[in-house]
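Dear colleague,

Please read the notes alongside the coordinates.

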Amino acid sequence: MTTAANRFWRQTEAVLVELPADVRLHRDDFYSQPDWDVFQMRYTSADGFRLFAWLSVPLGDGPFPAVIRMPDYASVHDIVYTPLRERAVVMNPTFRGQRESDQAFQAEFPGLLTEGIEDPGSYVMRRVFADALRGFDALLAQGQAEVGEVAVIGTGLGGTLALAVAAHRAAVKAVAANTPMALGNPASLVPGLAYPLAELDDYMRLYSDQKEAVKKNTADLDPLKTAGKITSPVLLSVGIYDTGSCPLAFGEKLAAKIPDCDLRVYHGAGEGGGHEHAQIQLSWLSDRLGLG
Amino acid sequence: MATEQDLQDFTTQVTCPDDFDEFWAGTLEMLSGISLNPVVAAEPLRSNDDVHVFNVTYLSLGGLEISAWYSLPAHGDGPFPAVINFPGYKSEPPVRRDWARRGVAVLSVAVRGKLKSSSEFNPGYPGLLTSGLESKETYGYRGVISDCVRGVDFLSSRQEIDPGRIYACGTSQGGGLTLITSALRPEIKAGVSGYPFLCCYPEAMAMFRSYPYDELACYARAYPDQEERMLDTLRYFDAVNFAPRIKCPMVVGIALDDEVCPPETSYAAYQALTSHRELWLFPNSGHGNAHEYPSQERAWLESQIERSAVAS
């Protein structure tokens, strides 16, 4: 990892250490199911932002394996159905600006990827990574469910956040990342990409004097810079026609940097395998978490 | 995974209320009494050499201000053919520069509750599907559907748009809204409805435990004495009841392993169509992820657009 990226992650951790997570849970009677309870979870992240997560807990005694589904680049991170919820704790954390975590700041889509990008201190995406780390910490800190081994999964930005959490939290047991967003890598800055990465080119086209700032202030977030620190097995999917999140060449470089990576390349556009890979991922996660 | 036989064997219990047409005629009449009041503002950040992007606002049911992304070809004089793109349940409407680059204007509607249209109505996700279910008059989707109808009105009002060449598309909720809006606005000349949501609510909420349909099951569990009234309200918003009222060619795309919108329910909407119809089945795909769907959608709509150009 470069010195600058090292400094960024050290500062991020230092900010989080100073702030208690202050986790609060509230059972949601409306969305709870006969087989699992649903909780609304709130906790504190960097800058004092209160963040929201959906947490589902199977009925019965723990410890339960857990799956954290990191949020993609979108406004809503809803109560995602997964068959694992009958047997595993499932957490859907949000980052600042998403629905339910937008009291102080409401993110725009498109728009968030360049919000405050002219300065590292104001660039929101740098704090989004802090929010991801804090989500993992909050799951371990909550007292409602006894949690066993934890897998972190995500698609697009969620895939990148999942990899970042695994690089900085050794307790992560497994990672499943689909088409992780190349934010921070030079591959994200070329013209002609699709959204969401195209937001960066939009910004550089309109504010041509900010090109260097865009490169500099995103560079620390490049997943390639932390990939080597991941100790857990990673299931990584990419699509050969993807130009909006994880261009193929970037995905292949990323896979090569991760010590234990199972790379699956699909002929789909941006979804990294779609339905076929969803089945593979479910089976892979079940094996890693001992869910059979 | 559902089979084609499963689709053909499926029969919905949804019936059409006697006053269905009266209810929607009354809603459209209310809309006609509200000034569209369109405002079109340039979005230089999203525009480029090939596409001019605008943020549009217009007024809809209840006087709510609705936003939309409006992408126009930068080259050519027009009038342009136009596609109205309806959004999914929880996703924000995309900026569709891809179509505009190919000479087609696109209006991508942020129906009420979406970020750009949420200042006065914001039930959240989950939440929208059960918002105001107490009656057909208060149900949130009455407004959502009206916002789509007004999007068609906006396009029809524009000098740069050929009013005889307006098309519709969307997936999931956008697929359901494509069917419904096409029934309410004959200005739509053809549509592609992918993995349509908003079909056969009683069966859909019973077949799967995934959201958004599971919101209805949660509602029924929380308020068991209200379930009958809920299902009665939903009959006025079921795409199956709109389908026979569609006059234009329509494609319905269905993924046989769809885990969000049961394929049988989408097929029921297809079966209810009486206009020219096409069925695209994707055997090894789930909700919204058939690899070939986006290219098929584009090719089919382009063929419709070209055909209308030749005819005119």
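Between the two chains, 35 residues of chain B are in contact with 35 residues of chain A, contact meaning heavy atoms within 4.5 Å. This is a predicted model, in which local features need pLDDT of at least 70 and side-chain atom pairs count only at pLDDT 80 or more, while totals for chains, interfaces and linings use all residues. Side-chain values use heavy atoms, without hydrogens and water, residues are numbered from 1 along each chain as its sequence is written, and chains are lettered from A and ligands numbered from 1 in the order in which they are written.

Chain B and chain A bury about 2900 Å² between them, 53% of it from carbon and sulfur atoms (the accessible area, with a 1.4 Å probe, that two parts lose on being put together, summed over both). Of the area that chain B buries against chain A, 24% is supplied by B:Leu115, B:Arg209 and B:Tyr211, more than by any other three residues.

There are 6 salt bridges between chain B and chain A, a salt bridge being a side-chain nitrogen of Lys or Arg within 4 Å of a carboxyl oxygen of Asp or Glu. In one salt bridge, B:Arg209 meets A:Glu86 at 3.6 Å, N to O. Helix H7 of chain B (residues 213-222) gives the largest share of the side of chain B that touches chain A, with 6 residues; helices here are DSSP runs of H or I, at least four residues, numbered from the N terminus.

Best regards

Methods
Helices (H or I, at least four residues) and strands (E, at least two) are DSSP runs, numbered from the N terminus.
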